[in-house]
Amino acid sequence: MSGKPILHYFNGRGRMESVRWLLAAAGVEFEEKILKSAEDFENLVKGGNLMYQQVPMVEIDGLNLVQTRAILKYIAAKYNLYGKDLKEKALIDMYVEGMRDLNEMIMYYPLCYPGEEEKNLNFILERATERFFPVYEKALKSHGKNYLVGNQMSWADIQLFEAILMVEELKSDILSAFPKLQEFKARMSKLPSIQKFLQPGSQRKAKMDGKNLAEAKKIFKFDDSVFLKHMS
């Protein structure tokens with residue numbers, strides 16, 4: 001055994017990408033067991049380690065962790081990315097839950113019905129610029145520190161950086177009205193562990209496309225309307 005966390009998922013972003021980001025930003029090397037077929041997934045289920053017969057699953061510290069938020073909270077706490085006290089943890093949770101809402105919109109976007117792409121895209125961009133990004137801009141401006149909570153990097157900062165990059169894939173100048181978020185992105189981009197994860201050839205996954213979606217539907221035997229809901 002290498003002692004490295006082992007991530008079980010298909011070869012796409014989905015709900016595992018935030019886990020990859022959190023581990024990478026913490027400087028933790030991890031392995032991936034990529035599900036390539038329905039048989040791979042069925043065998044994982046038959047192994048009895050999937051509590052709800054769903055992925056993602058992460059093997060770490062002798063545990064088989066499932067449910068995305070449970071996985072992320074464990075990793076954040078283990079690597080000192082979850083605040084120094086109960087109040088900081090509460091702030092981190094609130095920020096992360098907002099980002100999760102935004103990330104879910106983006107994750108579901110490739111599944112929108114033909115002809116609804118523009119409407120759904122505009123909805124995501126409106127929510128990003130009018131509901132979510134103003135919160136983080138205000139937080140960074142109000143306390144004048146480099147990170148959202150306290151003065152050290154937390155899970156919330158890593159999730160925000162991931163969210164910014166995802167929205168920028170939809171609209172490259174999305175941060176034009178948010179100078180503090182621009183500065184935040186520049187600072188985060190310079191961190192060695194994040195620089196490494198941003199490099200070509202890393203375990204970071206590409207933006208979801210038709211090929212990824214078709215592969216996921218084949219593995220999990222779901223149609224467009226439900227398959228992502230079963231990977232929670």
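Start at Asn 80, in the loop between helix 3 (68-78) and helix 4 (86-108); helices (H or I, at least four residues) and strands (E, at least two) are DSSP runs, numbered from the N terminus. Its phi is near 60°, a positive value in a residue other than glycine. Most residues other than glycine have a negative phi, and most peptide bonds are trans.

This is a predicted model, where local features need pLDDT of at least 70, side-chain atom pairs count only at pLDDT 80 or more, and totals for chains, interfaces and linings use all residues. Residues are numbered from 1 along each chain as its sequence is written, and side-chain values use heavy atoms, leaving out hydrogens and water.

Next, select the loop between helix 2 and strand 3, where Gln 53 is found. Gln 53 also has a positive phi, about 60°, without being a glycine. Its relative accessible area is 53%, so Gln 53 is exposed (over 50%; buried is under 20%, partly exposed in between; 1.4 Å probe, protein chains only). Pro 56 lies in this loop too, and the peptide bond from Val 55 to Pro 56 is cis, with omega near 15°.

Now select helix 2 (residues 38-46), in which Ala 38, Phe 41 and Leu 44 are buried. Seen down the helix axis, the buried residues fall within an arc of 125°, so they line one face; the arc is that of the directions from the axis to the C-beta atoms. Glu 39 and Lys 46, on the other side of helix 2, are exposed. Just after helix 2, Gly 48 has a positive phi of about 85°.
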